Amino acid sequence: LTKVAQEMERWAYTETTLIKNEKGKVKEDRVVRHDPSKPYVEQDVPLEIAGKPPTDSQLTGFRKRGERRAVRMEKPESIALLPSQTERPRQSVGDLVDIDRATIVAEDSERLTYELPLRKVGNIRFPPENFEVLVRVARAGHTLEHAEARLRDPFRYKLLVKIASGEASADFATVDPKYAPALTAVRGRASVSILFFHIGGDGEVRRTDLKHVTPYHERFDVKIGPLKALDF
């Protein structure tokens with residue numbers, strides 16, 4: 001997991017995203033080329049949005065996202081001035097897994113599957129007893145192949161929000177034997193009730209045409225924050 005996380009920002013790829021609501025209506029459909037070796041405003045370039053070439057306005061939107069990323073990466077002292085940064089950082093499953101208590105729950109001649117319990121201390125989003133996190137690795141080289149997180153039982157978050165169901169999974173593949181496996185696909189599904197309203201849906205993200213590159217921020221040896229291999 002550590003090796004995968006260390007290499008996460010060193011891959012260029014074409015990312016296809018498709019997100020639908022519970023009724024099957026498409027909410028997001030886009031193809032974007034991501035290349036962390038390029039200047040920030042050029043790192044994410046939309047190739048297709050909703051089946052059509054991107055408009056000038058959409059291209060401008062992606063460039064502005066690159067400008068914000070430049071501030072976060074190279075001017076961290078300015079982050080406190082941004083209104084969007086006043087909230088508490090969002091926790092992910094990767095922040096909370098307790099690697100030291102991992103146990104093998106399945107195995108065969110080629111693979112091992114581990115269950116990773118979640119920590120209770122400092123956990124404000126994922127009650128450990130409600131979630132199951134599994135990671136599958138290949139015996140050969142002990143390389144990461146698959147990770148998934150599933151909601152065992154419904155629970156209520158901050159009184160007003162009920163999480164009825166949910167699951168997320170990620171696939172990894174060895175693109176180049178010299179490097180740790182790269183993330184190639186993410187899938188997720190959720191069902192959430194807020195007061196009297198219910199929302200849900202599912203989505204999938206696939207990455208193709210992967211190429212190992214040197215990140216743009218390393219040109220001046222800029223240090224970046226913690227990396228996550230399980231950003232669910």
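Start with the second largest pocket, whose lining residues split into twelve nonpolar, four polar and one charged. Here Ala, Val, Leu, Ile, Met, Phe, Trp, Tyr, Cys and Pro count as nonpolar, Asp, Glu, Lys and Arg as charged, and the others, Gly among them, as polar. Before you click further: this is a predicted model, where local features need pLDDT of at least 70 and side-chain atom pairs pLDDT 80 or more, while totals for chains, interfaces and linings use all residues. Numbering runs from 1 along each chain as its sequence is written, and side-chain values use heavy atoms, with hydrogens and water left out.

**Stop one: the pocket.** The volume of the second largest pocket is about 420 Å³. Select L1, T2, V137, H142 and L144, the closest to its centre of the 17 lining residues. Then colour α1 (2-7) and β6 (131-138), each of which gives at least two lining residues; α1 has the largest share, with three. (Helices, H or I, of at least four residues and strands, E, of at least two are DSSP runs, numbered from the N terminus.) On a 1 Å grid over the protein atoms alone, a pocket is an open set of points with protein on both sides within 12 Å along at least five of seven lines, a cavity is a set where a 1.4 Å probe fits but cannot get out, and lining residues have an atom within 4 Å of a point. Points are joined across faces, edges and corners, and volume is the space filled by probe spheres set on them.

**Stop two: the cavity.** Next, pick M8, W11, Y13, A182, L183, R207 and L210, which line the largest cavity. Its volume is about 30 Å³, and β1, β10 and β11 each supply at least two of its lining residues.

**Stop three: the rings.** (Rings of Phe, Tyr and Trp, its six-membered ring, pair with centres within 6.5 Å; planes under 30 degrees apart are stacked, over 60 edge-to-face, the rest tilted.) W11 sits in strand β1 and Y179 in the loop between β9 and β10, 168 residues apart. W11 is buried at 4% relative accessibility, whereas Y179 is partly exposed at 26%. (Buried is under 20% relative accessible area, exposed over 50%, partly exposed in between, with a 1.4 Å probe and protein chains only.)

Finally, select Y40 and Y216, another edge-to-face pair, 5.1 Å centre to centre with 85° between the planes. Y40 is buried at 6%; Y216 is partly exposed at 22%.
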